[in-house]
Amino acid sequence: MPETQSVYSSDLAGVVVGETAISDVQGEAGVLSYRDIDINDLVDVPFLHVAWLVLFGEWPTESEKRALKSFICQHAALTDNEKLLLGQVNRELHPMLMLQGLVPLLEMPTEDTLGRGVDAEQGLFIAAKISSLIAGHHRLGQNKSILDPIPGKLRHENFLTMFHGRAPTREQVRMLDAAQILQMEHSFNAGTFAGRVCASTLAPIQSSISASIGTLFGKLHGGADQAALEMAIAIGSPEKADEYVRNSLANKVKIMGMGHREYRAVDPRAKILKPMAVELCRDDESKNLLATLVAVEEACQREFGAKGKEIWANVEFYKGAVFHSLGIPTHYFTAMFAQARVYGYIAHFLEFRPQNKLIRPRALYTGTPPEAGKTAA
Ligand SMILES: CC(=O)SCCNC(=O)CCNC(=O)[C@H](O)C(C)(C)COP(=O)(O)OP(=O)(O)OC[C@H]1O[C@@H](n2cnc3c(N)ncnc32)[C@H](O)[C@@H]1OP(=O)(O)O
Ligand SMILES: O=C([O-])CC(=O)C(=O)O
């Protein structure tokens, strides 16, 4: 085997590790596109149409739209076995751990009813189940029964109904659609990359998605949504934001929802989510939370600016205010991120599998080589 040249990078920052045509993150300009279309032009398109575009690189035909809608609704109804499985899960378990654990236990379909291959069928099957697992886990946690989706209703109309036990308003569905479209895909983020590593061993799609969900959970990645809103709740009011930010920075505590590995400008998703949050946060408590977030963002920019640096809010910062206004408890935020991002994970699996190559980096060993004299005990 030819010797390969070693390159050292402990965090892979700036290292190109593969190719993709699914989405493009232009970090300097602050632009995000899915399949060559700017997200600003996708945010008002029906959610499942964007999902299809992300997966297959083309818009669905009328018959594909109908097939996808009914496929997702049909599989979003949990089977008796799936309800039993969910019933065994500790009600206190974080929804992200529940999802990571249950996705590989789902009984995968083996046919290809959508005509896009069995991997796509299985991926979309998992996507359909994820929202019902989230809603079901929440219902069981409240000692309520699991609700089934209603055929003919929109994806997030069903989700919010299954979650809350009451139908959402049209505006709430529109806002959730938009927020979920914005979270659907983001190139080689940590969760997607973990899924690609897992897929590279020829593991099946459910293993890959489970690996991605586990990776999304952490606070430096998807878990920042929960952490950012809980931070705003803990701060309590906009007047206390300055002190909180100064103390945090002095103690090297990261401000959740601020900063990004790739963006050197405002995250284009935060730019859309902030006015959405303003529109949705109408009661006094929500308004106070939002005002606190705004004050934290301003304080961060002042503190960083004083050191000649820049920092911007990322997608996680204002999203929590949107989810909060939809009545979603903070510990469900990241699972709802997974519910949207799963389409990105599937798209990467489908793109990567045909040109599969094992991903296996190299470590710099910091111990002593055996020839230096250590013997077995
Ligand atoms: C969906 C998503 O995953 S979006 C990201 C969600 N994560 C968060 O919001 C968590 C908070 N943010 C962070 O921890 C970081 O900004 C990350 C992890 C997102 C990006 O990190 P990196 O690209 O590795 O940047 P890094 O952490 O090296 O930051 C560079 C400098 O800015 C500082 N910095 C960056 N973000 C923050 C922050 N949120 N709070 C305080 N300081 C920060 C770092 O301390 C570092 O300072 P230094 O040069 O004096 O050491
Ligand atoms: O790309 C990243 O590193 C994190 C991110 O914004 C995302 O996954 O949406």
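The paragraphs below describe the domains of this chain, the packing of some of its helices and the surroundings of its ligands. The structure is a predicted model, in which local features need pLDDT of at least 70 and side-chain atom pairs count only at pLDDT 80 or more, while totals for chains, interfaces and linings use all residues. Residues are numbered from 1 along each chain as its sequence is written, and chains are lettered from A and ligands numbered from 1 in the order in which they are written.

The domain assignment, whose bounds come from an automatic or database source, divides the chain into domain 1 (24-220 + 329-355) and domain 2 (224-325). The C-alpha centres of domain 1 and domain 2 are 26 Å apart. To the contact between them, domain 1 gives 22 residues and domain 2 gives 24 residues, where two residues are in contact if their C-beta atoms, placed from the backbone, lie within 7 Å. On the side of domain 1 that touches domain 2, at least two residues come from each of β2 (31-34), α7 (170-182) and α15 (333-352); helices (H or I, at least four residues) and strands (E, at least two) are DSSP runs, numbered from the N terminus. This side of domain 1 is made up of 14 nonpolar, six polar and two charged residues, with Ala, Val, Leu, Ile, Met, Phe, Trp, Tyr, Cys and Pro counted as nonpolar, Asp, Glu, Lys and Arg as charged, and the others, Gly among them, as polar.

Helix α15 also packs against helix α1 (residues 47-56), at an angle of about 25° and with the axes 8 Å apart. Axes here are lines fitted to C-alpha atoms, for helices over the stretch in contact, and angles run from 0 to 180 degrees between N-to-C directions. The helices α1 and α15 are therefore roughly parallel to each other, given that angles under 35 degrees count as roughly parallel, over 145 as roughly antiparallel, 65 to 115 as roughly perpendicular and the rest as oblique. In this contact, Ala51, Val54 and Leu55 of α1 meet Tyr343, Gly344, Ile346, Ala347 and Leu350 of α15, a set with seven nonpolar, one polar and no charged residues.

Helix α4 (residues 95-102) and helix α9 (residues 205-216) have axes 8 Å apart and pack at about 165°, which makes α4 roughly antiparallel to α9. Met96, Leu99 and Gln100 of α4 make this contact with Ser210, Ile213 and Gly214 of α9, and by class the residues are three nonpolar, three polar and no charged.

Helix α10 (residues 224-235) and helix α13 (residues 284-306) cross at roughly 100°, their axes coming within 9 Å, and α10 is therefore roughly perpendicular to α13. Here Ala232, Ile233 and Ile235 of α10 meet Leu289, Thr292, Leu293 and Val296 of α13, so that the contact has six nonpolar, one polar and no charged residues.

Turning to the ligands, ligand 1 is surrounded by 16 residues, of which Ala224, Lys254, Met258, Gly259 and Arg261 are the closest; a residue counts as near a molecule if its C-beta atom, placed from the backbone, lies within 6 Å of it. The shell around ligand 1 has seven nonpolar, six polar and three charged residues. Around ligand 2 are His186, Asn189, Arg261, Glu262, Asn314 and Val315, a shell with one nonpolar, three polar and two charged residues.
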